[in-house]
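Colleague: I would like to go through this model with you, one point at a time. Please show it and then take my questions in turn.

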Amino acid sequence: MSSEIQVPVTDNTGIYQPGKIRLLFNTMSRTYERVNYITSFGFSSRWRRQFIRRVNPSAGKVKIIDLMTGMGETWPVILKHFPAAELTALDFSPGMLRFARQKNHKKYNDAVQITEQDMLHNELPSAHFDYVFCAFGLKTFSKAQLQQLAAEVKRILKVNGQFSFIEVSVPRGGFLKLLYTWYLKRLIPVLGRMLLGNPAEYKMLAVYTSKFKDARHVCKIFADAGLTVKYDSYFNGCASGIHGIKQ
Ligand SMILES: C[S@@+](CC[C@H](N)C(=O)[O-])C[C@H]1O[C@@H](n2cnc3c(N)ncnc32)[C@H](O)[C@@H]1O
């Protein structure tokens, strides 16, 4: 166990501690991909396809990074849209990356460059990437951490480089909000228990989502960092995101 951990993984205090988040995803890594697909009724795959299309495509040999890559769930849509891309994938959870490495070997001939780093303290080169993508990796960052993230995205992008992020969100509308909150807080942990036996970790995802709400604040933080950015809403706000460019 990491020495950074000061609180149990399913305790609501100190929820943005990197060590706690790393442990949470390590614990869920055996089941995350399946549970994510089943509990989102396939929406997570659809949303990944949609958020990639927010940027202008390129057939060239562009450099792309998939941040908070998990097990590489977003790689298929990235490589479909950018078939000649040099793809780098970053995550700090050894558990998630173990499966990403297996996938890389079996399906991608080890073509994806996987790097195990904390995005907030990374060694990525400056002005290096044409595109930055990130699916479902925003909710576990505090406001201060999101400011750090925005500065890092700006640093690693080339001028005219583009980015797109998406995250599960809480819809603003009355009935849909109630239904979705019930689904996140009650149904996902039950499905988590039925499918894998660790509902407490999946309950924590609902805690992060209800605190995150939607990506409006992320949009402002990225704009304040000097990036040109637009807010995106998916399926009546059940997911939200941002996309934009470094001018
Ligand atoms: C919900 S998963 C998303 C995985 C994948 N992108 C997807 O589309 O399903 C979030 C991932 O972000 C990673 N993560 C969270 N904070 C991070 C940080 N500071 N640096 C690197 N990875 C981080 C976690 O380890 C986890 O694998």
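Modeller: Phe51, Phe82, Tyr131 and Phe133 are linked into a cluster by ring pairs. Keep in mind that the model is predicted.

Colleague: How many aromatic pairs does the structure hold?

Modeller: One of the pairs joins phenylalanine 43 and tryptophan 47, with 5.3 Å centre to centre and 35° between the planes. Planes under 30 degrees apart would count as stacked and over 60 as edge-to-face, so this pair is tilted. The number of aromatic pairs in the structure is 12.

Colleague: Which helix holds both phenylalanine 43 and tryptophan 47?

Modeller: The two residues are 4 residues apart, about one turn of the helix. Tryptophan 47 has a relative accessibility of 4%, so tryptophan 47 counts as buried. The helix that holds both, residues 43-52, is H3.

Colleague: How many residues apart in sequence are the parts that the pair of phenylalanine 163 and phenylalanine 222 ties together?

Modeller: This pair is tilted too, at 5.6 Å centre to centre and 45° between the planes. Phenylalanine 163 is buried, with a relative accessible area of 0%, and phenylalanine 222 counts as buried at 0% relative accessibility. Because phenylalanine 163 lies in strand E5 (residues 157-168) and phenylalanine 222 in helix H9 (residues 216-224), the separation in sequence is 59 residues.

Colleague: Over which ring does the charged end of arginine 22 sit?

Modeller: Another arginine, arginine 98, lies over the face of phenylalanine 99, at 4.9 Å from the ring centre. For arginine 22, the distance from its charged end to the ring centre is 4.6 Å, and the ring is that of phenylalanine 92.

Colleague: Is glutamine 117 buried or exposed?

Modeller: Glutamine 117 is found in the loop between strand E3 (113-116) and strand E4 (129-135). Leaving aside neighbours within four places in sequence, glutamine 117 is in contact with Leu90, Asp91, Phe92, Asn122, Glu123 and Leu124. A polar atom of its side chain lies 2.5 Å from the backbone nitrogen of glutamate 123. Since buried means under 20% relative accessible area, glutamine 117, at 15% relative accessibility, counts as buried.

Colleague: Which residue just after H5 takes a positive phi?

Modeller: Helix H5 covers residues 94-108, and its buried residues include Gly95, Met96, Leu97 and Tyr108. Just after H5, a positive phi of about 55° is taken by asparagine 109.

Colleague: What separates the C-alpha atoms of alanine 206 and tyrosine 183?

Modeller: Alanine 206 is in helix H8 and counts as buried at 6% relative accessibility. Leaving aside neighbours within four places in sequence, alanine 206 is in contact with Leu184 and Lys185. Alanine 206 and tyrosine 183 are 23 residues apart along the chain, and their C-alpha atoms are separated by 9.1 Å.

Colleague: What separates the C-alpha atoms of arginine 34 and proline 18?

Modeller: Arginine 34 is found in helix H2 (residues 32-39) and is partly exposed, with a relative accessible area of 47%. Arginine 34 and proline 18 are 16 residues apart along the chain, and the separation of their C-alpha atoms is 24 Å.

Colleague: What is the radius of gyration of the chain?

Modeller: The secondary structure of the chain comes to 9 helices and 7 strands. The globule rule gives 18 Å for 247 residues, and the value for the chain is close to this, so the chain is as compact as a globular protein of that length. The radius of gyration is 17 Å.

Note on methods:
Residues are numbered from 1 along each chain as its sequence is written. This is a predicted model: local features need pLDDT of at least 70, side-chain atom pairs count only at pLDDT 80 or more; totals for chains, interfaces and linings use all residues. Side-chain values use heavy atoms; hydrogens and water are left out. Buried means under 20% relative accessible area, exposed over 50%, partly exposed in between (1.4 Å probe, protein chains only). A polar contact is a pair of N or O atoms within 3.5 Å; within protein, one must be able to donate a hydrogen and the other to accept it, and residues adjacent in sequence count only if both atoms are side-chain atoms. Contact means heavy atoms within 4.5 Å. Rings of Phe, Tyr and Trp (its six-membered ring) pair if their centres lie within 6.5 Å; planes under 30 degrees apart count as stacked, over 60 as edge-to-face and the rest as tilted. A charge sits over a ring if NZ of Lys or CZ of Arg is within 6 Å of the ring centre and within 35 degrees of the ring normal. The radius of gyration is taken over C-alpha atoms; the globule rule is 2.2 Å times the number of residues to the power 0.38.
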